[in-house]
Amino acid sequence: MSCTKTIRVLIAKPGLDGHDRGAKVIARALRDSGMEVIYTGLRQTPEQIVEAAIQEDVDVIGLSILSGAHNFLFPRVIELLKEKNAQDILVIGGGVIPDEDIPGLKAAGIAEVFTPGTPTSKIIDFIKSHVK
Amino acid sequence: MGDKYSLEKLKEEKKNWEETKLNKVLSKHPERYEKFYTNSNIEVERLYTELNVQDMDYLEELGFPGEYPYTRGVQPTMYRGRLWTMRQYAGFGTAEESNQRYKFLLSQGQTGLSVAFDLPTQIGYDSDHPLSKGEVGKVGVAIDSLKDMEILFDGIPLDKVSTSMTINAPAAILLSMYIAVAEKQGVSPDELSGTIQNDILKEYVARGTYIFPPEPSMRLITNIFEFCSKNMPKWNTISISGYHIREAGATAIQEVAFTLADGIAYVEAAIKAGLSVDDFAPRLSFFFNAHNDLLEEVAKFRAARRLWAKIMKERFNAKDPRSMMLRFHTQTGGSTLTAQQPDNNIIRVTIQALAAVLGGTQSLHTNSRDEALALPSEDSVRIALRTQQIIAYESGVTETIDPLAGSYYVEHLTNTIEQKAREYIDKIDKLGGAAKAIEKGFMQQEIQDSAYRYQMEVESGRRIVVGVNKFQIEEEPPKGLLKVDPEVGIMQEKKLKELKSSRDNIAVGQALKELEQVAKTDDNLMPVILKCVKSYCTLGEICDILRKVFGEYKASITI
């Protein structure tokens, strides 16, 4: 690729869920693959996440939830991005997310949902091929 | 074993075997890997013999069950006397739904309850708080006030069952609610048996449901120690937890080391608060994980028991033998479950449960096969419980105590884990203790490094996870997963409204005012929290007052 811009990613934990092993492993894998990665830490509201994403001028937001609150919190992030005219940011999600919820999340604007067992290389490839 | 021949002779014969037999085979058929490791990256030798444990003193290092250093178990008869408590962690949706699940579990032969609370409850928000949106009833039951707790335990005799509650930052409040429900059943606090998790340090390290900064959090914990030592002699005041540390990616060695380091911090805090060690230490309990490396896990439990006994005796000068006994609950490893081919998880759970039993656990939760996908369905929970029952009644491993003792490999691993955990604890001491080490992000960084290494090993194929990076199949999406009613949040909000309009709001205001006053002093908070709870103050109202006085914890972020 001739594109030299470094991809910037915000890894975020929306909601009250404290499980961030996956979020941290992915943050590190993305960083090791040459991206610039910011991790929000726990308990972020969708508002805080969107604000951080815009302030940090990221290309990608990676949302991680294992508590089951994804159907409410993921679409809320997309909604706020649209309100702020920032829908060009690619939003991906991961965590314990039942298959049957995935079509709904994609329809809401989540580009891809990565469930347990996904190799980090697959996520890296997805980001690299989807960030313009 | 014995003195029939000298160790010199054994060494010679072993060398002889290597040179003649082994090398011949190796030259034709090399082994699968150049080096072998346990799950925790301890290098594993090809063969263990007496040479690996030649320096061990049986009486000093192993001893007898029910006697110091408790390597072989905390009771003299272990499972020959009484089996472990079969305790499935459960709770979701409303108090009504969870109450039904508990009655189902008890009817299936479960012997103790274990309450899962939803995240708003664990973080001290009522169900109508803006941050609760989407989370109410999801990972556990929603409890906003004593009203919900009364429903949760309706028809369950609290003098007959023991109840474990996974609650940390607001542990004092939920314990008070439990006491209040029991009183309504005519059961006094001294008759109650059970456990509150009450372990805030591991929340900072790994689990994330903290509210207050370390200092007031430690005060709440020692307040509970003190209150229970006087009023609740059968209650485990804390469950010092390695479980979540392991889930976050720690190795078995780190799990033992960081858990016991946290334990040391609690003992020190209580002594500093003026309690004497033998007044509270007998009611400290522990909570560990069980992963797939069967023999390493068995060794881990044995090493933890021995190390804690030595710490209590040597470091804290405990005199009561019960202060030195590490009693523990085990849960099988959630992070080892795969979303792929979920029925395979039944086998993983069996291995892990076996490790816990061979390691001498006092109680056990076996995970359900579908937990990498959703909360477990009733069918899956039944299989998980049956797994324990088959081990208990059919496998035969319960009929003698600590059956793997004397295995060269298991004893060698037990020694290694103890020694390496001790090295970590020394390092943490040098950093100023567990609380300081956490503040500096030391434990977090160590755990993250292990988690990352594990993931990279899976991705490189050096570590095989069946169905994930080998033996994959095309699968249909699983059916019959449990769905939490999305209306739970709305129902809870309605219940809260009703409560606030029907309770004595003057008494509520007075109780909360008194709480604020006591929080500002050094007095024990338990009596006033009990008063608040009995006046039907909500969990969120109580926590808001404490947030106002204590402030909130801000985590340091490391990746």
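Which residue stands opposite B:Ser239 in S10(B)? The answer is B:Ser285, and it belongs to one of the two sheets described in this report, which concerns a predicted model.

## The sheet of chain B

Strands of a sheet pair through backbone hydrogen bonds, either parallel or antiparallel. In chain B, five strands make up an open sheet whose order is S3-S12-S11-S10-S9, and the pairing is parallel. S3 and strand S9 (238-241) of chain B stand at the edges; each has a single partner strand, so one side of each is left without a neighbour in the sheet.

The pairing of S9(B) with strand S10 (residues 284-290) of chain B is in the parallel sense and extends over four bridges. Here B:Ser239 is placed opposite B:Ser285.

Within chain A, strand S3 (residues 60-65) and strand S4 (residues 90-95) pair in the parallel sense over six bridges. A:Val60 has A:Leu90 as its bridge partner in S4(A).

## Backbone features in a loop of chain B

Most residues other than glycine have a negative phi, and most peptide bonds are trans. What is the form of the peptide bond from B:Tyr68 to B:Pro69, cis or trans? This bond is cis, with omega near 0°. B:Pro69 is found in the loop between helix H2 (58-62) and strand S3 (85-86) of chain B.

B:Tyr70 is not a glycine, although its phi is positive, at about 65°. The location of B:Tyr70 is the loop between H2 and S3 of chain B.

## Where the two chains meet

The size of an interface is often given as the accessible area lost when the parts come together. Chain B and chain A bury about 3,000 Å² between them, and 58% of this is on carbon and sulfur atoms. In terms of residues, 42 from chain B are in contact with 35 from chain A.

Across this interface, eleven residue pairs are in polar contact, with both residues at pLDDT 80 or more. On the side of chain B that touches chain A, the elements giving two or more residues are helix H4 (119-122), helix H7 (200-207), helix H9 (243-247) and helix H18 (442-460) of chain B. H18(B) gives the most to this side, with nine residues. By class, the side of chain B that touches chain A consists of 23 nonpolar, ten polar and nine charged residues.

## Salt bridges

How many salt bridges does a search of the whole structure find over all chains? The search finds 45. Between chain B and chain A, the count is two.

One salt bridge is formed by A:Arg28 and B:Asp449, whose closest N and O atoms are 2.9 Å apart. This pair crosses between chains: A:Arg28 is in helix H1 (residues 21-32) of chain A, and B:Asp449 is in helix H18 of chain B. Helix H18 of chain B is also the element that gives the most residues to the side of chain B that touches chain A.

Terms used:
Residues numbered from 1 in each chain as written. Chains lettered and ligands numbered in written order. Predicted model: local features only at pLDDT ≥ 70, side-chain atom pairs only at ≥ 80, totals over all residues. Heavy atoms only, no water. Contact = heavy atoms within 4.5 Å. Buried area = accessible area lost by both parts, 1.4 Å probe. Salt bridge = Lys/Arg side-chain N within 4 Å of Asp/Glu carboxyl O. Polar contact = N/O pair within 3.5 Å; in protein donor to acceptor, adjacent residues only side chain to side chain. Nonpolar A, V, L, I, M, F, W, Y, C, P; charged D, E, K, R; others polar. Pairing = 2+ DSSP bridges.
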